[in-house]
Amino acid sequence: KQRERERERERESNRAKKFKIILIGVCLFVFGYFWGGLTFYKQLFPYEQIRAIKHNVLPVSSQQSNEPKPRNTIFQTFSPQANVVMIGDSITAGGEWSEIFSQTKIANRGIGGDTTEDILRRMEPIFAVNAKKAFVMVGINDIYRDQSINTIFNNYKDIVQQLRSKGTEVYIQSTLECSKSQCGNKLEKARELNEKLKVYSAQHKLTFVNINNGLTSETEGLLKEYTYDGIHLLGSGYLKWSKTISPYVYSTNKQ
């Protein structure tokens, strides 16, 4: 009987241990689930670490491959004629430009993840809309992929020169700054690129539009009230941007 009682106590002890393990597992799952939501909603730890892994560790796969991007196949298939074309990456793609500038025909040729090199590979669908004006804004993805500023700048010049060769009036928009709290020294690289673009525009009689005015500050870069992740814009950000370029969108083309 003594041995039976000992075995029963041992079984009870094992059941209690299993119950504790299950309870701890459930608690950890629930905590992880809610913390994961808070991580991206409130940008808590490890939000920045995940971003760093995404941009600097994980392979870029299709973004750096020669495979056509699905969005570009749409551009290759449909080419409505437009007065204005917006060229860039996901920041440009995120703007509902035909609604923002409803009084002109405008084509959105922004594609998420695009670098200057990506845009150079898809110039034909951009030319196909026969826009009189082109607004270019790109560069932050190049910076995140550790391209040198000179490489980005040279690709940018090539984009501009190809557009001008088609008789398109080109407006060089400053590369949108990122939030310093999210992108660190990449903010300084964006500013270095913008200085080069500004000088180049002056030398070649191009219009340089600093879209960072009102969206950024010297110490913070892109202000948090205009972004949800330190790079991409909220509606309030697009409102600021659109007000900056509106006079150029609606102006009469230079002869």
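Which residues have the most contacts inside the largest nonpolar core? The structure is a predicted model, in which local features need pLDDT of at least 70, side-chain atom pairs count only at pLDDT 80 or more, and totals for chains, interfaces and linings use all residues. Residues are numbered from 1 along each chain as its sequence is written, and side-chain values use heavy atoms, with hydrogens and water left out.

The answer is I91, L163, W241 and I245, within a core of 56 residues. A nonpolar core here is a set of buried Ala, Val, Leu, Ile, Met, Phe, Trp, Tyr and Cys residues joined through side-chain atoms within 4.5 Å; buried means under 20% relative accessible area (1.4 Å probe, protein chains only). Helix α9 (residues 149-165) gives this core its largest share, seven residues. Helices (H or I, at least four residues) and strands (E, at least two) are DSSP runs, numbered from the N terminus. Leaving aside residues up to four places away in sequence, L163 touches I87, M123, I126, F127, A134, V136, T168 and V170, a contact being heavy atoms within 4.5 Å.

Turning to helix α12, its buried residues are G237, Y238, W241, S242, I245 and V249. They pack against strands β1 (84-88), β3 (133-137), β4 (169-173) and β5 (207-209), and against helices α4 (90-93) and α5 (97-100).

Finally, the whole structure holds one disulfide (a pair of cysteine sulfur atoms within 2.5 Å), which joins C178 to C183 with an S to S distance of 2.0 Å. The torsion about this S-S bond is about 80 degrees, so the disulfide is right-handed. C178 is buried at 0% relative accessible area, and C183 is buried at 6%.

How values were computed. Buried < 20%, exposed > 50% of the residue type's maximum accessible area, 1.4 Å probe, protein only.
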